[in-house]
Amino acid sequence: MSRAVHSLVFIGACLAAPLAPAADFFTRIDPSPTSELWIDTGFYTAHFDGDKDLNDNNKGLALEYRFKGTMTATAGRFYNSDRAWSNYAGVIWQPYAVGPVRVGLAIAAFDGYPKTRDGGWFPGAIPTLTYEYKRVGVNVGIIPNYKDRLYGGISFQLKFKLFEK
């Protein structure tokens with residue numbers, strides 16, 4: 001079994017076990033205005049194509065600003081799977097939760113991938129799960145493969161809350 005499949009099984013087991021007895025298993029997130037600032041690390045990516053010598057340790061730094069309960073603006077920089085620097089900017093839209101886990105999409109523009117638009121900017125939509133506890137959290141992105149230009153996998157990104165109003 002590949003590392004990505006092991007990662008999916010691990011995520012599913014971690015999320016499902018404590019949530020099984022929850023009464024409100026699937027809920028809508030309150031879209032009311034809020035104000036939270038998070039600082040994010042880069043990513044660790046378990047690639048679906050683990051045999052292609054891709055960079056799994058995607059060091060970097062980002063900011064997230066949650067301005068509504070369901071919407072977060074995000075921008076950052078990381079060393080991508082092709083061993084080149086990438087930038088991104090967009091929003092994370094998460095209107096639902098499964099237990100304590102937010103569910104939605106990161107919709108953003110990315111650059112820096114040599115095989116995609118010669119390293120130029122391109123749009124992307126990445127299914128994203130987020131778990132937060134007090135001042136720490138993790139974003140989990142499920143990145144699809146795209147031809148031989150982008151390599152998919154499961155990405156983990158740690159985050160730390162700087163302030164909340």
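Biologist: Let's start with Arg-66: is Arg-66 buried or exposed?

Modeller: Buried means under 20% relative accessible area, exposed means over 50%, and partly exposed is in between (1.4 Å probe, protein chains only). Arg-66 has 2% relative accessibility, so Arg-66 counts as buried. Keep in mind that this is a predicted model: local features need pLDDT of at least 70, side-chain atom pairs count only at pLDDT 80 or more, and totals for chains, interfaces and linings use all residues. Residues are numbered from 1 along each chain as its sequence is written, and side-chain values use heavy atoms, with hydrogens and water left out.

Biologist: Which residue forms a salt bridge with Arg-66?

Modeller: The general idea is that side chains of opposite charge can pair when their charged atoms come close. For a salt bridge, a side-chain nitrogen of Lys or Arg has to be within 4 Å of a carboxyl oxygen of Asp or Glu. Here the partner of Arg-66 is Glu-132, with the closest N and O atoms 2.7 Å apart. Glu-132 is in strand 7 (residues 122-133) and Arg-66 is in strand 3, so the pair ties together parts 66 residues apart in sequence. Strands are DSSP runs (E, at least two residues), numbered from the N terminus. Glu-132 itself is partly exposed, at 22% relative accessibility.

Biologist: Where does the pair Glu-64 and Lys-159 sit?

Modeller: Glu-64 and Lys-159 form a salt bridge too, at 2.9 Å from N to O. Glu-64 is in strand 3 (residues 57-68) and Lys-159 in strand 9 (residues 153-164), 95 residues apart. Glu-64 is buried, at 1% relative accessible area, and Lys-159 is buried as well, at 1%.

Biologist: How many salt bridges does the structure hold?

Modeller: Eight. Another one joins Asp-49 and Lys-52, whose closest N and O atoms are 3.9 Å apart. Asp-49 is partly exposed at 22%, and Lys-52 is partly exposed at 39%.

Biologist: Now the largest pocket: which strand gives the most to its lining?

Modeller: Strand 7 gives the most to the lining of the largest pocket, with six residues.

Conventions. Helix = DSSP H or I, 4+ residues; strand = E, 2+ residues; numbered from the N terminus.
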